[in-house]
Amino acid sequence: MINKEIVRHVAELARLKLSEEEIEKYSEQFEHILEAFKILDEVDTEDVEPSFHPLEIKNVFREDEVESGLSQEKALLNTKHKEKGYFKGPRIV
Amino acid sequence: MKNKAEEFVIGLEIHLALNTKSKLFCGCSTNISGVEPNSLCCPTCLGLPGSKPRVNKRAIDFGIMVAKALNCEINPRMFFSRKSYFYPDMPKNFQISQYELPLAKGGYLKISEKKIGIRRIQIEEDPGRLIHVGGDITSAEYVLVDYNRSGIPLLEIVTEPDFTSTGEVKEFLSKLSMILQYLGAYDPKKEASMRIDANISMGGGRVEVKNITGFKAVESALSYEIIRQRNIMRRGGKVVRETRHFDPVSNTTRSLRAKEMEEDYGFILDTDLAEVAIDEKWIKDLENKIPELPDERVRRFVEEYKISERNAKVIVYTDKAFADFFEKCCEIYDKPTQVANWMVTDLLKSLNYNKISIDESEVEPEGFVEILKMIDEGKISGRIGKELVKRYVASGKNPREIVEEEDLTVLRGREELEEVVKKVLKENKNAVEDYRKGNKKAIEFLIGKALAKTGGRADPKLLREILLEFLK
Ligand SMILES: [Zn+2]
């Protein structure tokens, strides 16, 4: 059962600010979404190998060689939150 | 006072920076010390949209070698997973790590008293480096972020909660670090190359201490936390389950209200990265490349050079360069016992005093062996030899040159020494009397005095001979 508490928790993990109305609305929609996905439970996967990846490829590697990247100026080009060559961000706790 | 309820166990999560040239998922250099912030980055390690991770094979190779050296079982199929969280140290808002199918599991590392279980080993990317501005982790106004570190390959080694003392933790970490150095997988000189989270459980509570960087901090963090928990229990309280942050400045830990539980990280397999299939051949090829590891080297030193096990352990576990130095000395001087004795006493003492390692010093096997040879030749006394080791470590100046320039050779002129002895006898009448009254030990005192007068250059045997004669 999806209740408002769960929606609030998920919203917080995703850093979304939801209004009371939205929480109400999403509780209901969550329920529908989970209901829709229940159809998968009907498939018999008893003897099927689990699939971890949509593509059957493996061992794609890069050799350990240094390649040149971006200059500091370029790295910081897209942000206005910067100071002395660093990015600026919010306190973490 | 220690009672049953206060017994504790410790488990560790150790993060070690793997010694690759480039990052785990991009070609940016890992040589980040002393460079400008955000100058070794690219779209991938900055988490820009559309960028794609490409796995560095050497990081996987190192992981496999370490897993083998720690007696682990390697998963034939491993995957990378995304661990979602919203700190600015990870620009993608997730860290590429491992979860469902990590590199390896179920191994152990033996320390002197017991085996410490290894629960799992995984490969992951390092987050960026944060600088807290205007306060600490909980009070800063904002943070500055340097993504040069972001994407450096880390090996996370999770132990079982098998430690019952901080001494065991220290021994384990130094052994682990040594093994990784022998494998070439780890360079302890790189900044923040070993970071540790420790779980300490006492009386049913379980506290995770994060942010411990390096050997020294581990001891402080654990000691503080053990005392803190013990005090809570003694006051009749209960240790609550929580995450605490270690502050290396005050050497204390403090509570962090970490909201996320493991399931909140929303682990999903990273669809940008393919499966890594590790077959027997890959493992075998790497196993063949695993060099002689520290414990084997100790055994060989005992067998091949016939030195004591205690000396062999000190030499090997000081650091790899120190053990290499020993072997180089033995190649050019065939008295391994002498080399070992002088290395674990005088040489090590001087290195520690100057706070340098053998490879940071200018001491070379040739010069060090010269000192021992000059003693053998009777050219200098043992006492001068000790002095020379000190000065060689401090200045790097060739010992034989010092001896020639300063005329430190042994005094063998009998007449010269007789003069010295006469003076000593005159100045120490009490000791002479003691000796004559039957206190034979007094002669050692007189020898010491005479030796001091010659600046340690006299041959003690000759001194004794002359003294005995005079005292008759
Ligand atoms: Zn990069």
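A salt bridge is a side-chain nitrogen of Lys or Arg within 4 Å of a carboxyl oxygen of Asp or Glu. The legends below describe close-up views of a predicted model.

**View 1. A salt bridge joins B:Asp126 and B:Arg149.** The closest N and O atoms of this pair are 3.3 Å apart. That is within 4 Å, so the pair counts as a salt bridge. B:Asp126 sits in the loop between strand E8 (115-125) and strand E9 (129-133) of chain B. B:Arg149 sits in the loop between strand E10 (142-146) and strand E11 (153-159) of chain B. The two residues are 23 residues apart in sequence, so their contact ties together separate parts of the chain. Are these two residues buried or exposed? Both B:Asp126 and B:Arg149 are buried.

**View 2. B:Lys105 meets B:Glu73 in a salt bridge.** Here the closest N and O atoms are 3.9 Å apart. B:Lys105 belongs to strand E7 (residues 104-110) of chain B. B:Glu73 belongs to strand E3 (residues 73-74) of chain B. The pair links distant parts of the chain, 32 residues apart. B:Lys105 has 37% relative accessibility, so it counts as partly exposed. B:Glu73 has 48% relative accessibility and is also partly exposed. Over all chains, the count comes to 50 salt bridges.

**View 3. Salt bridges link a network of charged side chains in chain B.** Which residues take part in the network? They are B:Glu292, B:Arg297, B:Arg300, B:Glu304, B:Lys320, B:Asp324 and B:Glu327. Look for B:Glu292 and B:Arg300, whose side chains meet at 2.7 Å, N to O. B:Glu292 is partly exposed because its relative accessibility is 26%. B:Arg300 is partly exposed too, with a relative accessible area of 23%.

**View 4. Four cysteines of chain B hold the zinc ion.** Which atoms coordinate the zinc ion? The donors are the SG atoms of B:Cys26, B:Cys28, B:Cys42 and B:Cys45. Their distances run from 2.3 to 2.4 Å. The angles among the four donor atoms are 100 to 115°, and the site is tetrahedral. For comparison, the ideal angle for four tetrahedral donors is 109.5 degrees. Along the sequence, the donor residues follow the spacing C-x1-C-x13-C-x2-C. B:Cys28 and B:Cys42 are 14 residues apart. Both lie in the loop between strand E1 (8-17) and strand E2 (55-56) of chain B. B:Cys28 is buried because its relative accessibility is 4%. B:Cys42 is buried as well, at 11% relative accessibility.

**View 5. An open sheet of four strands spans chains A and B.** The strand order is E2(A)-E3(A)-E10(B)-E9(B), and the pairing is antiparallel. Which strands form the edges? They are strand E2 (82-83) of chain A and E9 of chain B. Each edge strand pairs on one side only. Within chain B, five bridges join E9(B) to E10(B) in the antiparallel sense. Find B:His132 and look across to E10(B): B:Val143 stands opposite.

**View 6. Strand E5 of chain B pairs with E6(B) and with E16(B).** Strand E5 covers residues 81-84, and strand E6 covers residues 94-97. The two run antiparallel and are joined by four bridges. Across this pairing, B:Arg82 stands opposite B:Ile96 in E6(B). E5(B) also pairs with strand E16 (residues 268-269) of chain B. That pairing is antiparallel and has two bridges. Here B:Ser81 stands opposite B:Leu269 in E16(B). Keep a general rule in mind: in a regular strand the side chains alternate between the two faces of the sheet.

**View 7. Two asparagines, B:Asn93 and B:Asn251, have a positive phi.** Most residues other than glycine have a negative phi. B:Asn93 is not a glycine, yet its phi is about 65°. B:Asn93 lies in the loop between E5 and E6 of chain B. Its relative accessibility is 31%, so B:Asn93 counts as partly exposed. B:Asn251 has a positive phi near 55°. Where does B:Asn251 lie? B:Asn251 is in the loop between strand E14 (242-247) and strand E15 (252-256) of chain B. At 35% relative accessibility, B:Asn251 counts as partly exposed.

Note on methods. Residues numbered from 1 in each chain as written. Chains lettered and ligands numbered in written order. Predicted model: local features only at pLDDT ≥ 70, side-chain atom pairs only at ≥ 80, totals over all residues. Heavy atoms only, no water. Buried < 20%, exposed > 50% of the residue type's maximum accessible area, 1.4 Å probe, protein only. Pairing = 2+ DSSP bridges. Donors = N, O, S within 2.8 Å, 3.2 Å for Na, K, Ca; no water. Tetrahedral: all angles 85-135°; square planar, octahedral: opposite > 155°, others 65-115°.
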